[in-house]
Amino acid sequence: MQKRWEQVTRAALTLIFYLPESFWPYVPLLGTAVFTGAKIPLPAGLWLGWGFFATLRAAGRSGLGCFLTEALVIFAAVFCGHFLRRQARAGRQPLGAGFFSLILLPMVVLGLFQAAGGPLTPPSWLDPKQRGLVPFRVTGTLDNPNLFGMVLAFIIPMILTTIVATEKRMRRRRLFYGIAGLLHATALLFTFSRTAWLAAVTALLVFRGREWRPFLLRLAILFLFVFLAFPPLRTRLSPPGGLWQDSTVAYRREIWKASWELFKENPLGTGSGGFRRAGLLQRRAVHAHNQLLQIAVEQGIPGLLLFGWVVYLGLSRPAKTLRERGVRAVLCGQLVAGLTESPWADPLLLFLFWCGWAFLQEAADG
């Protein structure tokens, strides 16, 4: 029965990546608790409990729909993280790092075809001064280059983990993963997502640990070469008129200011979905474009404190294995991405964070 459920889990995980706005693929993952005996850790339970109370206090029963969908994703992620950790401990790896390394490969190939096929970029994704200089921004099947880039930034360190963990005598497999990693990195570059680039670099530096100095030097040399040889990249990093005058940056500053005012008006939070209910959609904003502000607006001061506790418990313990090191790196990358985006506003990225966090918690508790 457990082997069959592993197949169900694999199918559900694949569908989550390719149907990120659908919630029914998360439902089968709730069944993993049956095979792992997983329970919701205290920090996650308190997070969900406060989310329920804050939503009920601010919006009443009408606001619980958004909370319940978020709770479904977090429950599924925590159970899946426990499941993956228990498999790793038992030496069963059908859903190991290799699976996650290749799950996006069809989407990556599609993204490269998008790049070759010509511009598909809506004008709002680029500053008007950049539209003639940046030819395209690939999205895969996720309909947004920033989302696609953040998912790639989450997956690429897992590919690196798989390459390092693969024995040197298995040359063909290492070569295959190496080529897959190169394709993923190319797709990440072609998203032209500055947030995703920063998240990926952060994750790679955290993954390297004490070896960061020589790696940082090589990365800087490579980055300088690409920067000089690839004008669209240079345009994104140093746009005409300066980065601070970029229209997408100015848009974020406007949303941050409005979010801060909303937080000051509601220090206990507006509840799940409160940002959407607050009337900021007139600025075309569906989230705060900053994870801390998003939490502050929806969960208030208690939510910020709980978030700090969750992050501390997930990242404070040293990684004991290569897989733990990789998961720790990708969580750090997502936290850095949260400086200019709200990753948890998307169900897929919300799932990935809590799944990785539960994996590290299970490793620590076990």
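A residue is counted as buried when its relative accessible area is under 20%, and in this predicted model E341, at 4% relative accessibility, therefore falls in the buried class. The side chain of E341 meets that of R252 in a salt bridge, with a distance of 2.4 Å from N to O. R252 likewise counts as buried, at 12% relative accessibility. Because R252 belongs to helix α12 (residues 247-265), whereas E341 sits in the loop between α15 (322-337) and α16 (347-365), the pair ties together parts that are 89 residues apart in sequence.

The structure holds two salt bridges, and the pairing of E261 with K264, whose closest N and O atoms are 3.3 Å apart, is one of them. Both E261 and K264 lie in helix α12, where three residues, or about one turn of the helix, separate them. E261 is partly exposed, with a relative accessible area of 34%, and K264 is also partly exposed, with a value of 48%.

A further feature is the packing of helix α3 (residues 42-59) with helix α14 (residues 291-315), in which the axes lie 10 Å apart and form an angle of about 180°. Since angles over 145 degrees count as roughly antiparallel, α3 and α14 are therefore roughly antiparallel to each other. On the side of α3, the contact involves L42, P43, L46, W47, W50, G51 and A54, which meet residues of α14 including I295, P302, L306, F307, W309 and L313. By class, the contact of α3 with α14 comprises 13 nonpolar, three polar and one charged residues.

Methods. Residues are numbered from 1 along each chain as its sequence is written. This is a predicted model: local features need pLDDT of at least 70, side-chain atom pairs count only at pLDDT 80 or more; totals for chains, interfaces and linings use all residues. Side-chain values use heavy atoms; hydrogens and water are left out. Axes are lines fitted to C-alpha atoms, for helices over the stretch in contact, and angles run from 0 to 180 degrees between N-to-C directions. Helices (H or I, at least four residues) and strands (E, at least two) are DSSP runs, numbered from the N terminus. Angles under 35 degrees count as roughly parallel, over 145 as roughly antiparallel, 65 to 115 as roughly perpendicular and the rest as oblique. Contact means heavy atoms within 4.5 Å. Ala, Val, Leu, Ile, Met, Phe, Trp, Tyr, Cys and Pro count as nonpolar, Asp, Glu, Lys and Arg as charged, and the others, Gly among them, as polar. A salt bridge is a side-chain nitrogen of Lys or Arg within 4 Å of a carboxyl oxygen of Asp or Glu. Buried means under 20% relative accessible area, exposed over 50%, partly exposed in between (1.4 Å probe, protein chains only).
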